[in-house]
Amino acid sequence: MSKKIGVLTSGGDAPGMNAAIRAVVRQGIWKGAQIIGVMRGYEGLISGEFTELGPSSVSGIIQRGGTILLTARCEEFKTEEGIEQAVSHIREAQLDGLILIGGDGTFRGGMELEKRGVATIGVPASIDDDVWGTDHTIGFDTAVNTALLALDKIRDTATSHERAFVVEVMGRTAGYIALMSGLAGGAEFIAIPEVPLKIEEIAQALKRGFERKKRHFIIVLAEGVMGAYQLAQELYERTGHEIKVSILGHIQRGGNPSAYDRYLASRLGAAAVEAIISGKRGEMVGLKNEEIALTPYAEAVSRRKEINISAYELSKILGL
Ligand code: F6P
């Protein structure tokens, strides 16, 4: 009998989520399954907002940012009542399984469903790239390129005015966007949550830089380290240099997904369908060295993807 598979996007949106939904729908239909879209992530499971997705419902979305299924950070799903309500809607709709597209919070939700007998497979999508079990998450590459574009523009004006800037990028607990965009953008200093911040070290580097007739000094700051305005103020007090601040914010979450994110999303979406149809459950699909790899949720949420410290150290040398 043909399978009925639900799909939802949850947590912060990420460019490429639409490409993943498209892959789930098209691969699912090709495999003879019926695909049901759940609106607003776990909120839609609780309220029973389901809609059938046919092949044409996903046409023209591979290049679009955001998610056609909408998303939410759902507090109600953290309560027993909320979860039970979600499970009863899943049973009523006779779903054989669910594909959960999101980050580690989404997979924690998946673990709750699994405990109650619902089969699920996760697809990692988050601009933060902080999920264990995949080389990258869907959306990271686009977010980094958005940040890089901004850094290049800020550098132009910084150079013209011979100014220092703090550019704040997203990442409360993960410094991957800061590290990659900062290294690629030639930042003079990168501040990430994984490395203890030494403001005096930045102040000294800034003073040295301008003494050596540098025309700009760009600090890329991950939002989780400290407030950008506070850092600028502390640096001003130590150096006497005025520091401009630019906070990139949610611009990093939108926009057309990059080629890599569309590719990754297409492969992972299709792999999730294959996994659920073959009876796998409670695992996340990832791409490791170009190969599809499955990681149990428990491992994906409990292990921390290490930051590449040598890339971080390199950024200091290259930013001299
Ligand atoms: O998880 C992705 C992310 O963009 C983080 O980098 C950021 O800290 C957070 O989401 C912001 O979440 P919200 O849009 O819910 O404020």
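This is a predicted model: local features need pLDDT of at least 70, side-chain atom pairs count only at pLDDT 80 or more; totals for chains, interfaces and linings use all residues.
I kept to the ground rules: local features need pLDDT of at least 70, side-chain atom pairs count only at pLDDT 80 or more, and totals for chains, interfaces and linings use all residues. Residues are numbered from 1 along each chain as its sequence is written, and side-chain values use heavy atoms, with hydrogens and water left out.

**Domains.** I looked up the division of the protein and found domain 1 (4-139 + 257-302) and domain 2 (141-253). The bounds come from an automatic or database domain assignment. Their centres, taken over C-alpha atoms, are 34 Å apart. Domain 1 gives 14 residues to the contact and domain 2 gives 11 residues; contact means heavy atoms within 4.5 Å.

**Ligand shell.** I noted Arg73, Ile127, Asp128, Met170, Gly171, Arg172, Glu223, His250 and Arg253. Both domain 1 and domain 2 give residues to this shell, so the ligand lies between them.

**Polar contacts.** I then checked N or O pairs within 3.5 Å. A polar side-chain atom of arginine 73 is 2.7 Å from a ligand oxygen. A side-chain N or O atom of histidine 250 also lies 2.7 Å from an oxygen atom of the ligand. At glycine 171, a polar backbone atom is 3.4 Å from a ligand oxygen. The protein covers 78% of the 400 Å² of accessible area that the ligand has on its own (Shrake-Rupley method, 1.4 Å probe).

Note on methods: A residue is near a molecule or strand if one of its heavy atoms lies within 4 Å of it. A polar contact is a pair of N or O atoms within 3.5 Å; within protein, one must be able to donate a hydrogen and the other to accept it, and residues adjacent in sequence count only if both atoms are side-chain atoms.
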